[in-house]
Structures are given as structure tokens and as C-alpha cells.
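Subject: Structure for you to look at

Hello,

Here is the structure I promised to hand over. Please open it and keep it in view while you read my notes below.

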Amino acid sequence: MGKVRMTLTPPVNHWWHVTLYLSARGLSTGPIPIPAGVLDIEFDFVAHELVIRTSGGGRRAVPFVGQSVATFYAATLEALGELGVAVAIHAAPNEVEIAVPFAEDTEHCTYVPDHAHAFWQQLIDADRQLRRFRSDFSGKVSPVHYFWGAMDLAVTRFSGREAPEHPGGAPNCPDRVMLEGYSHELSSAGFWPGGGAEGAYYSYTYPAPEGFADAPVPAGAFYSDEFGEFLLPYETVRRSADPDALVQEFLQATYRAAAELAAWPVHAQVEAS
């Protein structure tokens, strides 16, 4: 669904035009322009189906349960075609080591509704936290949005300066994606299902200034050499006496370390204090 949005939506810097957004039912593409009006696609984690709608009143739904990747892909293409939406995508996953084309992937066929719903509930919590964090920065900052490659909900602040060329190297992802995404100095934070038994909040900066890994962070958070970023496990947050305060302290501390150690312009350092 992210690839459909990417193909049909005008490009935006840092690939902000390809992301998904939290919705009251799950994750949504938001409005996608098509010749006949608007298309939107939503992963509904309440009814556990993919819902495809057009501004002309068309609607199709594809259930998640009982599908392999291949059958789900075929059913989705059929539904789009019935709504008059013609789109050609690169039909294989990105940012994974083994990228089996969607039409050939009959191995992955498990969908557990309770697990999907629980992850969505985590995203609801993280979206609230990240929107609060985003609100006190008046420099260039991304929306709070969901990148489907790494499955993370993220918000990114920028210093306003260009960054050294990114080396690329993400699995099954063209280097030009990383070159554009990391073209400017940034501090990025978010939530993803890795990094802990129940997922984790994360924070990193590019390029990472000297001393960043040793910056002080709240108890329970730590710097991961494996991932090259700070992590705050979700289970640590969940067990905290004040979860909201812990997450905000983590987000502010890691951002402050990035901005101060890299000597960001003064306006980019103090507007989030």
C-alpha cells in the first residue's frame, strides 16, 4: 500500500510522500490523487481488513485472515482494478535481506488479529507522545508518520544544514533512497516493534557527532551499538510510574545531545527547550 501511494503521489523531500498515518481504525495512506478524484487505503485493525475507498463512492475490502502474501497481493490488485485504479509498483519488499516478490510469496500466511490490534494500540500511544514532542520545535520537522520499510512511527527534526553523503547499503533498497532521506543533518526519534521484547522508542542523529553515544539519558534507556541509536524499551515505559514523563525526557535528552554536540544553529537548539 505504501508503494501504491509512492507511485501515485507527487514526490516530497525525504520520501515523506510514501508514508502511512495513524487512523481511528489502524493505518491509512491518507488521500492519494487519481484522475477520477481521490483514493485512500486503510489497514483496519478493528475489522481486520484492508479497506480501499474512492471519492466517487467506490469501496472494496480485503480480509487479512486466511491470506498468504501472494493471495493478499492478488486480491488487492483486483480490488483496485474494480475501482478503476491502474497502478504498477515494484512488487517486492524493501529493507529486508530476502525480498521474495509478493506474487510468489506463499510462505508468509499468518495473521493474528490480537497481535495486530496490540501493535496498533502501541502506535496510538507513540503517536500521542511524538506529536507532543514535535509541537515545541518551529524549525523544519517532519510529520509524525509511519515508514513501512522498517515499520517505524517517526518524527524528524532538521538543523537546516546539509549532511555528508549517506553511504547507503540498506538491504534491497536503492542507495538513492538513503541519499535523499539523509541529505540534511537530522535528529530522528520514533517507535518500532524491534529493540525490545515489546518494541522500543528510539532516537538517533545523522551524522552522529563525537560523544553522542555517551550522552546522558534517563534510567532504562541505553545506546545500542548494534543499531547505532538510543533505545527505550516499551516494557520499561509501561512499567514506569510516569510513562509520559519518561518518554518525553528520553526524546528531549537525545535531541538535546544531538543538537548541542553537533553545534546546530542556535535557533534549532533552543526552540525545543
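Which residues of helix 6 are buried? They are Leu246, Val247, Gln248, Phe250, Leu251, Gln252, Ala253, Thr254, Tyr255, Ala257, Ala258 and Ala259. Bear in mind that this is a predicted model.

Stay with helix 6 for a moment. It covers residues 243-261, which makes 19 residues. From first C-alpha to last, helix 6 reaches 27 Å. At 1.5 Å a residue, 27 Å is also the expected value. After helix 6 comes alanine 263, with a positive phi near 50°.

Now go back along the chain to helix 3. This helix holds 22 residues, 113-134. At 1.5 Å a residue, helix 3 should span 32 Å. Its end C-alpha atoms lie 31 Å apart, so the two values agree. Helix 3 has buried residues too, among them Phe119, Trp120, Leu123, Leu130 and Phe133.

Next, the whole chain. It has seven helices and twelve strands. The C-alpha trace spans about 55 × 40 × 35 Å along its principal axes. A compact globule of 273 residues would have a radius of gyration near 19 Å. The chain has 19 Å, which agrees. Of its 273 residues, 48% count as buried. Look also at contacts with a separation of 6 or more: 55% of them join residues 24 or more positions apart. The accessible surface comes to about 13,000 Å². Carbon and sulfur atoms account for 56% of that surface.

Then the salt bridges. Side chains of opposite charge can pair when their charged atoms come close. How many salt bridges does the count give? It comes to eleven.

- Arginine 25 and aspartate 44 meet through their side chains, at 2.9 Å from N to O. Arginine 25 sits in the loop between strand 1 (21-22) and strand 2 (26-28), while aspartate 44 is in strand 4 (residues 37-44). The two are 19 residues apart, and the pair links distant parts of the chain. Arginine 25 is partly exposed, at 34% relative accessible area. Aspartate 44 has 5% relative accessibility, so it counts as buried.

- Arginine 59 pairs with glutamate 49, and their closest N and O atoms are 3.6 Å apart. Arginine 59 belongs to strand 6 (residues 59-63) and glutamate 49 to strand 5 (residues 49-54), ten residues apart. Arginine 59 has a relative accessible area of 45%, so it is partly exposed.

- Glutamate 82 forms a salt bridge with arginine 60, with 2.7 Å between the closest N and O atoms. Glutamate 82 lies in helix 2 (residues 69-82) and arginine 60 in strand 6, so the pair ties together parts that are 22 residues apart in sequence. Glutamate 82 is partly exposed, with a relative accessible area of 45%. Arginine 60 counts as partly exposed too, at 31% relative accessibility.

Best wishes

Terms used:
Residues numbered from 1 in each chain as written. Predicted model: local features only at pLDDT ≥ 70, side-chain atom pairs only at ≥ 80, totals over all residues. Heavy atoms only, no water. Helix = DSSP H or I, 4+ residues; strand = E, 2+ residues; numbered from the N terminus. Expected span 1.5 Å × (residues − 1). Buried < 20%, exposed > 50% of the residue type's maximum accessible area, 1.4 Å probe, protein only. Salt bridge = Lys/Arg side-chain N within 4 Å of Asp/Glu carboxyl O. Rg over C-alpha atoms; globule rule 2.2 N^0.38 Å. Contact = heavy atoms within 4.5 Å. Areas by Shrake-Rupley, 256 points an atom, 1.4 Å probe, with all protein chains shown as cover.
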